[in-house]
Amino acid sequence: MTPAISHRSEEGGFISPFAAHQSARPRTAALGSAVVVGAGPGLGNSLAQLFAEYGHPVAIVSRSSQGLSETALQLRQTGVVAGAYACDVTDERSVVAMMRQVESELGSPELVVYAVQSFSPGTLITTEACAFEEAWRAICYGAFLVSREAARRMVQLGRGSILLAGATSGTKGRKGYINLAVGKFGLRALAQVMA
C-alpha cells in the first residue's frame, strides 16, 4: 500500500510519513500502539498491516467483533502484537473502555486512525431524521470521542498522531449523499480545530 501523504526528504525523494514519524523518535523510546478504528476490508485492514510492518502493536477496532478476531490472528501469525476490540464509537463509555483496554494490553496509543464511514444515500426529502443522526454520530461524533481519548493518552506519552479519514463529500456536497456530506464536513472541521 502506498501512503496517500508523503514528505519530501532532504535528498529530494519522497518518504512515507510513517518513516518520517519513526525517524523523529528518540532511539531509546518504545513504540506506542497503533489503533485503527473502523477496521475492515480495505483501508482499515491495510493500515493495520502497514503499522504492524513498522513494528507497532496494533489494535483493530470495529462496532462488531465479527471478522476482527481473524484479522488480529493473521497479524499475530506474522509475529506482531495485535488485538481486536469491539466498540460502539457513538457511546462515550464504550470508547473510554476500549482505549483503557488497548492501553492496558498494547501500550499507550501513538498512532490513531479513525476510518469509520456509515451512511445510506438519500436526499433532504427522503432521509429520515434517525438515519441522518446515526450517520453524523458515527462519522463525526465518534471521531471526536476517539480523538479526545487518544489525545489524553498521547499527552502523557509525549507524542502521537491522530488521522481522520475523509472523503470527497467532506469538501463538496454531492447530490444524494446528505448523510455522508454533513458527517464528513464535520469531520474536516474537527481535524482543522484539532490541528
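1. Let me start with the buried side of helix α4: Ser94, Val95, Val96, Met98, Met99, Val102 and Leu106 are buried (buried is under 20% relative accessible area, exposed over 50%, partly exposed in between, with a 1.4 Å probe and protein chains only). The cover over these residues includes β3 (33–37), β4 (58–62), β5 (82–86), β6 (109–114) and α5. Helices (H or I, at least four residues) and strands (E, at least two) are DSSP runs, numbered from the N terminus.

2. A word on the source: this is a predicted model, in which local features need pLDDT of at least 70 and side-chain atom pairs count only at pLDDT 80 or more, while totals for chains, interfaces and linings use all residues. Residues are numbered from 1 along each chain as its sequence is written, and side-chain values use heavy atoms, with hydrogens and water left out.

3. On confidence, the protein averages a pLDDT of 82, and 85% of the residues score at least 70 (pLDDT is the predictor's confidence in each residue, from 0 to 100). Helix α4 (residues 92–106) has the highest confidence, at 96, and strand β1 (residues 7–8) the lowest, at a mean of 36. Over residues 1–28 the pLDDT is below 50, yet this stretch has 36 contacts in the model beyond near neighbours in sequence; contact means heavy atoms within 4.5 Å. Where pLDDT is low, the predicted coordinates should not be read in detail.

4. For the overall layout, you will find 6 helices and 7 strands. Along the sequence they follow the pattern β-β-α-β-α-β-α-β-α-β-α-β-α. Of the 195 residues, 43% count as buried. Among contacts with a separation of 6 or more, 63% come from residues 24 or more positions apart.

5. Back to α4 for its geometry: its 15 residues reach 21 Å from first C-alpha to last, close to the 21 Å expected at 1.5 Å a residue (the expected span is 1.5 Å times one less than the number of residues). The axes of α4 and α5 come within 9 Å and cross at roughly 35°; axes are lines fitted to C-alpha atoms, for helices over the stretch in contact, with angles from 0 to 180 degrees between N-to-C directions. On the α4 side the contact is made by Glu92, Val95, Val96, Met99, Arg100 and Glu103, and on the α5 side by Leu145, Val146, Arg148, Glu149, Ala150 and Arg153.

6. Helix α5 also packs on α6, at an angle of about 20° with the axes 8 Å apart. That makes α5 roughly parallel to α6 (angles under 35 degrees count as roughly parallel, over 145 as roughly antiparallel, 65 to 115 as roughly perpendicular and the rest as oblique). Residues in this contact include Phe132, Ile139 and Phe144 of α5, and Leu180, Leu187 and Met194 of α6.

7. What about α6 itself? Its 17 residues (178–194) should span 24 Å at 1.5 Å a residue, and its end C-alpha atoms are 24 Å apart, which agrees. Asn179, Leu180, Ala181, Gly183, Lys184, Gly186, Leu187 and Leu190 are buried in α6, and their cover includes α5 (129–157) and β7 (161–164).

8. Thr71 is buried, with a relative accessible area of 14%. Not counting residues up to four places away in sequence, Thr71 touches Asn45 and Ile60. Thr71 and Gly83 are 12 residues apart in sequence and 9.0 Å apart in space, C-alpha to C-alpha.
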